[in-house]
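This briefing covers selected helices and a surface patch. Please have the sequence and the coordinates open while reading.

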Amino acid sequence: MPLDCGATVVKYVLCLFNFALFWAGAAVLGVGIWLAADQNSFLTLIKFTQAENVQNLVQPAVITQSAYLLIAAGAFIFIVSFLGYCGAVKESRVLLGLYGAFVLVIVALEITAGSLAATYQQEAEKEIKSYMMTALKEYYSTQQEADALTTSWNLMQGQLSCCGVNNFTDFVGTPWMKNKTAGHLLPVSCCKLRGKLIDFQPEDPRCMTSPTDDNSYRMKGCYSRIIEYFHSHMEIVIGVGVGLGVTQILGIVFAFCLCQAIDNDFIK
């Protein structure tokens, strides 16, 4: 027997939503595999499109690490959306149950992480700050030897107008200190920049060797700037969180409701 009207609507909503996610995941997975398998063609494409400023961000290590992240994210989205789409189209209780269980686990992890962060706020802040410091000390290097983490730090410092975790002295003991140009006291991304962010062109060429509060952000730590950024955009953060949560919960409810409808129809 065919499904009733409500179950049919739920079925097609799940189909459409997961169909879009399926192709989005496939696209992300495909780009990740392409970058991992053939970096040269990507670099050639960048040169062909004359996007010279992007070349600051496409060191081989950055491309490799970004490729692995894209593959992991794309594969996860691809698998979960495949279960939801095929489960709805084929009216398979097994696939729908797996889809609902996957999303339920994700929501549970999100709620657990949020609850722990709220309950142990001070400890969470210390851990985040400690992680940022460890990442900076162990992996931050020069632009010529940049990996994904170094590139992320540079973009964050340029975008948030900050320097280091607490201030520019945090770069002491980093790989950057060992490989930097002689006389430089801080990275160019800590300077006040002109033009496009990814060009990393300082307003004052003396900034790296003679940093001051006027030509750099040497005493403005990125940790405090991140906290300020989230506080100033709290409405957007809450809106995105609520929207994501509602979407996930609706996905769980729809999946299990459709399972129940299929089961009842089978019994009839």
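Val107 sits in helix H4. The model is a predicted one.

**Val107**
- Val107 has a relative accessible area of 10%; because the cut-off for buried is under 20%, Val107 counts as buried.
- Beyond its neighbours within four places in sequence, Val107 makes contact with Gln248 and Ile252.
- The C-alpha atoms of Val107 and Gly245 are 7.3 Å apart, although 138 residues separate the two along the chain.

**Helix H4**
- Helix H4 runs over residues 93-119, which is 27 residues.
- At 1.5 Å a residue, helix H4 should span 39 Å, and the 38 Å between its end C-alpha atoms agrees with that.
- The buried residues of H4 include Val107 together with Leu96, Gly97, Tyr99, Gly100 and Val103.

**Nonpolar surface patch**
- Tyr229, Phe230, Met234, Val237, Ile238, Val242, Val246 and Leu250 make a nonpolar surface patch of about 680 Å².
- Two helices, H8 (222-232) and H9 (234-267), each supply at least two residues of the patch.
- The most is given by H9, with 6 residues.
- Phe230, one of the patch residues, is found in helix H8.
- With a relative accessible area of 41%, Phe230 is partly exposed, because this value lies between the 20% and 50% cut-offs.

Note on methods
Residues are numbered from 1 along each chain as its sequence is written. This is a predicted model: local features need pLDDT of at least 70, side-chain atom pairs count only at pLDDT 80 or more; totals for chains, interfaces and linings use all residues. Side-chain values use heavy atoms; hydrogens and water are left out. Helices (H or I, at least four residues) and strands (E, at least two) are DSSP runs, numbered from the N terminus. The expected span of a helix is 1.5 Å times one less than its number of residues. Buried means under 20% relative accessible area, exposed over 50%, partly exposed in between (1.4 Å probe, protein chains only). Contact means heavy atoms within 4.5 Å. Patches are made of residues with over 30% relative accessible area and no salt bridge: like charges are joined within 9 Å, nonpolar side chains (Val, Leu, Ile, Met, Phe, Trp, Tyr) within 5 Å. Accessible areas come from the Shrake-Rupley method with a 1.4 Å probe; for residues, only the protein chains shown count as cover. A salt bridge is a side-chain nitrogen of Lys or Arg within 4 Å of a carboxyl oxygen of Asp or Glu.
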